[in-house]
Amino acid sequence: MIVITAPTGQIGGRLLSLLLEAAPARGEELRVVVRDPARLPEAVRDRVEVVAGSHGDAATAERAFADADAVFWLVPPDGSVPPEQGYRGFTRPAARAFAEHGVGHVVGVSALGRGTPQAGHAGLVTATLAADDLIAGSGVAYRALACPSFFENLLEEADSIRDHGVFTDTVAADRRAPLVAVADIAAAAAGLLLDRSWTGVGSVPVLGPQDLSPDDLARIMTEELGRPVRYHRRPLDDLRAELLGYGLDAAFVEGVVAMKRAKDEGLDAGAARSATTGTGFAQWCATTLKPAVLAAPEAADAR
């Protein structure tokens, strides 16, 4: 029995599709934990066991992880609470359930940065690493998928790229760092969940083929989209004001700001690649970003 949390999210949805194809031939049953089962396609609901509720809730965790051999764990960011509550607090009931039910293997979505000088003051990343420690202490075999920023974050900038030829972030224009496509994270998770020969606790970096700076991204987007694209660096104070203006928890906002500052200081730099395979940024632009950017304004408004 493999349990998948957050099965309607970007990573969980892709992982579920992969496991629906591969798990039956291996004799694996699938269970998903979802707040609203109606968000799952009917064809999917007919092929998995569904536990309704939040996987951060103690009663839901008890039902979800009973008789589970392996779990895919993902903490959804919650801008309404401080990072400590949103990550360690959310994970604590699951860690207890893992121990009580003898769950063998857990694969979690985590972040790069462990062991770096920035790790202790990296906001949301620091909170994520603390949640990893909680799971690791439960007695399961655990693999943290250590991820950098996602290519998919740029989809939030699709309108600006289309209308103004500009995308923004808070890091220096020449700061090179790894990035990754969410499809590659899902593939890494599927491989570990289906082949559970691994033991102990460890971290698995999941990286795109090369480190890229914002200026590199602008150059590649210009080439792939066939239109000029440039990078605009925004001050952290502007980001803070914008997020507070949305009504997000003030401690959560400071966690985002601290994470962005740590990334600009090199939090994600230096991670070793075991291979150069995976989705390249140019490929991702052609297949994912370009359709979003070139969509008619009416279609963009409808998203």
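Begin by selecting S54: beyond residues up to four places away in sequence, S54 touches R35, T60 and F90. The structure on display is a predicted model. S54 is placed in the loop that runs between strand β3 (49-52) and helix α3 (58-65). With a relative accessibility of 15%, S54 counts as buried, because the cut-off for that class is under 20%.

Next, select helix α4 (residues 83-101) together with helix α5 (residues 124-136). The axes of α4 and α5 are 9 Å apart, and the two helices pack at an angle of about 15 degrees. Angles under 35 degrees count as roughly parallel, and α4 and α5 are therefore roughly parallel to each other. In this pairing, α4 passes α5 in a right-handed crossing.

To display the contact itself, show the side chains on both helices. From α4, the selection is P83, Y87, R88, T91, R92, A95 and F98; these meet L124, A127, T128, A130, A131, L134 and I135 of α5. By class, the residues of this contact comprise 10 nonpolar, two polar and two charged.

Finally, move to helix α9 (residues 236-245) and select R240, which lies within this helix. Is R240 buried or exposed? Its relative accessibility is 19%, so R240 counts as buried under the 20% cut-off.

Notes
Residues are numbered from 1 along each chain as its sequence is written. This is a predicted model: local features need pLDDT of at least 70, side-chain atom pairs count only at pLDDT 80 or more; totals for chains, interfaces and linings use all residues. Side-chain values use heavy atoms; hydrogens and water are left out. Axes are lines fitted to C-alpha atoms, for helices over the stretch in contact, and angles run from 0 to 180 degrees between N-to-C directions. Helices (H or I, at least four residues) and strands (E, at least two) are DSSP runs, numbered from the N terminus. Angles under 35 degrees count as roughly parallel, over 145 as roughly antiparallel, 65 to 115 as roughly perpendicular and the rest as oblique. A crossing is left-handed if the near helix is turned anticlockwise from the far one by less than a right angle, and right-handed if clockwise. Contact means heavy atoms within 4.5 Å. Ala, Val, Leu, Ile, Met, Phe, Trp, Tyr, Cys and Pro count as nonpolar, Asp, Glu, Lys and Arg as charged, and the others, Gly among them, as polar. Buried means under 20% relative accessible area, exposed over 50%, partly exposed in between (1.4 Å probe, protein chains only).
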